[in-house]
Amino acid sequence: MNGPFYKERRVLVVDDDAAMRSALQASFRKQGWEVQSAYGVADALQHLERERFPLVVTDVRMPDGDGLQVMQQVRQKWPETAVIILTAFGNVPHAVQAMQGGACDYLVKPVAFEQLRMAVERVMQRASATAAAAPPHISKQPKLLGSAPVLLEVLARARQAATSGADVLIEAESGTGKELLARLIHDESSRHSAPFVAVNCAAFPESLLESELFGHVRGAFTGAIGTRPGKFEMANKGTLLLDEIGEMPLSLQPKLLRVLQEREVDRLGDARPLKVDVRIIATTNRSLEQLVETGSFRSDLFYRLNVIPLSLPPLRERREDVAELAAHFLQSFAAPPVPNMSAGFVTGLQRHSWPGNVRELVNFMRRVAALCRGKEIGVEFLDFHARAKTTSPEMMGAGLSMRDAERKLLELTLVATDGNRTRAAEMLGISLRTIRNKIRDYQLPPRSYA
C-alpha cells in the first residue's frame with residue numbers, strides 16, 4: 001500500500017453518535033491515522049470544504065441529513081478519496097445505493113474493528129491503484145495556459161501581487177479563468193499552505209449568504225441546530241475568494257466592509273466577535289465602478305477591495321493561445337488514440353470570437369472529442385452552435401412537454417454518441433448516473449445505449 005493517498009493516513013469520521021465517533025477515532029489512532037470527526041452532515045461538509053481527506057467514514061442516517069450527501073460532496077470535490085459507509089442492518093439497501101453512487105465499501109453496525117481495518121486496507125489499496133493508473137496528461141490542479149504576451153503580463157503582475165499580501169480585485173469576463181488566477185496568487189503567496197476558500201456571492205439568497213460568510217451559532221435562526229463557522233473563519237490564515245462580488249446585496253455590503261477593515265467577524269446570534277487573518281481576493285464579471293455609479297455597489301467597499309486591480313484578457317484578445325488550449329483539452333477528453341486537429345479546424349477555432357471564453361472552448365472540445373471517431377478532426381466539426389440546433393423547435397417539435405423534450409434530447413445525444421453513455425453525459429453536462437437513471441425512467445432500450 002504505497003499509493004500517494006494512503007501515505008497521508010488522514011481520515012474524516014462522520015457520525016452523530018458520540019460513542020461511535022469516539023470508538024472509531026480510537027481505532028484509527030491506534031493504527032497510526034490522523035483523525036478528524038464531524039457530528040453530522042453540515043459539520044462534515046464544512047470539513048470537506050476546508051481540506052481533502054484520503055479516507056472518509058460516514059454513517060448513513062443523521063439528524064440533519066444522510067451519508068449520501070457527504071459522499072456526493074466527496075465525489076464532486078475530491079474524487080480520489082475513498083468512502084466507507086456505516087449502516088444499520090435495516091438500511092443495507094440504502095448502503096447498496098451508496099455503493100452504486102460511488103462509495104467504496106459499506107459496513108453493517110455494530111462494526112468489529114478488525115473488520116473495519118480490513119475494509120480500510122481494501123479501499124485504500126483500490127484508491128492507490130486508481131490514482132496510479134490515472135492518465136498523466138490530466139492535471140489535478142488546473143492552471144492558466146497560454147503564452148500570449150497579454151496573458152503573460154497579467155500572470156507576472158499576479159505573481160508580484162502574491163508576494164505583497166495585499167487584497168486583490170480581479171475584473172474579467174465570465175469564462176476567462178478568474179478563479180484559476182486567484183488560486184495562482186494563493187499558491188505563490190506565503191499563505192500557500194493555509195486554506196483557500198471560495199464562496200460565490202451570486203449563488204445564495206441574501207439570508208443564506210450572510211450565514212455562509214460569517215457563520216452562526218445554535219439557535220440564531222430557525223434550522224440553526226448547531227454552531228457553524230462561516231467562510232471567513234474557515235479561511236483563517238489563508239485566502240478567501242469572494243466570487244462575483246458585484247452580486248452581493250447592498251444590505252450586506254456594510255457588514256463586509258467592517259470585516260475587511262477590522263478583520264473580525266460577528267457570527268449570527270453571537271455577541272462575541274472573532275478575529276480572523278484572511279487575505280481577500282474578489283472577482284467580478286461586471287465593472288464595479290459602473291455599479292458604484294448606478295448605486296448598486298458601495299464606493300467605500302469598492303475602494304477597500306481595489307488595492308491591487310487585475311484583469312484577464314478575453315480569449316478573442318489572445319487568439320494565438322487557442323490552438324494550444326484546444327490541443328490540451330482534446331488530450332484530456334479524447335479516448336486514445338487522440339485524433340489530430342486538421343489545419344482547417346485550427347484556423348476555424350482561431351477565427352471564432354469565443355464569447356464564452358475559455359469555458360466555451362473547454363465545452364466545445366469536450367463535444368468534439370465525444371463525437372470524433374476518426375484519426376483527424378476536420379472542418380466539419382466547426383459547429384459552434386450544435387446545442388442550439390439540437391434543441392431548436394424545428395428539430396424537437398414545437399409544443400412538446402418539458403419531459404418529452406428532455407427525452408428527445410437524450411435520444412438525440414445517445415444517437416450522436418453511438419450509444420456511449422459516458423460521452424453523452426459529458427455532452428449534456430450531467431453525471432453518468434443521471435444518464436442511467438433517465439434511460440430507465442424514459443424506458444429507452446438499454447441495449448441500444450450500452
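**A guided look at the chain**

Guide: Welcome! The chain has 21 helices and 16 strands; helices (H or I, at least four residues) and strands (E, at least two) are DSSP runs, numbered from the N terminus. This is a predicted model, where local features need pLDDT of at least 70, side-chain atom pairs count only at pLDDT 80 or more, and totals for chains, interfaces and linings use all residues. Residues are numbered from 1 along each chain as its sequence is written, and side-chain values use heavy atoms, leaving out hydrogens and water.

Visitor: Why does Lys-143 count as exposed?

Guide: Its relative accessibility is 61%. Exposed means over 50% relative accessible area, buried under 20%, and partly exposed in between (1.4 Å probe, protein chains only). With 61%, Lys-143 therefore counts as exposed. Lys-143 lies in the loop between α6 (113-133) and α7 (149-164).

Visitor: What makes strand β10 largely enclosed by the rest of the structure?

Guide: Five of the five residues of β10 (residues 239-243) are buried, so the strand is largely enclosed. Thr-239, Leu-241 and Asp-243 are buried on one side, and Leu-240 and Leu-242 are buried on the other. In a regular strand the side chains alternate between the two faces of the sheet.

Visitor: How do you know that β10 pairs with strand β9?

Guide: Two strands pair if DSSP finds at least two bridges between them. Strand β9 (residues 196-200) and β10 have five bridges, in the parallel sense, and Phe-196 stands opposite Thr-239. Four bridges also join β10 to strand β13 (residues 279-284), again running parallel; there, Ile-281 is the bridge partner of Leu-241.

Visitor: What is meant by the largest nonpolar core, and which residues touch the most other members?

Guide: A nonpolar core is a set of buried Ala, Val, Leu, Ile, Met, Phe, Trp, Tyr and Cys residues joined through side-chain atoms within 4.5 Å. The largest has 30 residues, and Phe-232, Leu-240, Leu-242 and Ile-245 touch the most other members. Helix α11 (253-262) is among the elements supplying at least two residues, and α11 gives the most, with four. Another core, of 22 residues, lies apart from this one and includes Phe-329 and Leu-361.

Visitor: Which residues is Leu-240 in contact with, leaving aside its neighbours within four places in sequence?

Guide: Contact means heavy atoms within 4.5 Å. Among the partners of Leu-240 are Val-197, Val-199, Phe-232 and Ile-281.
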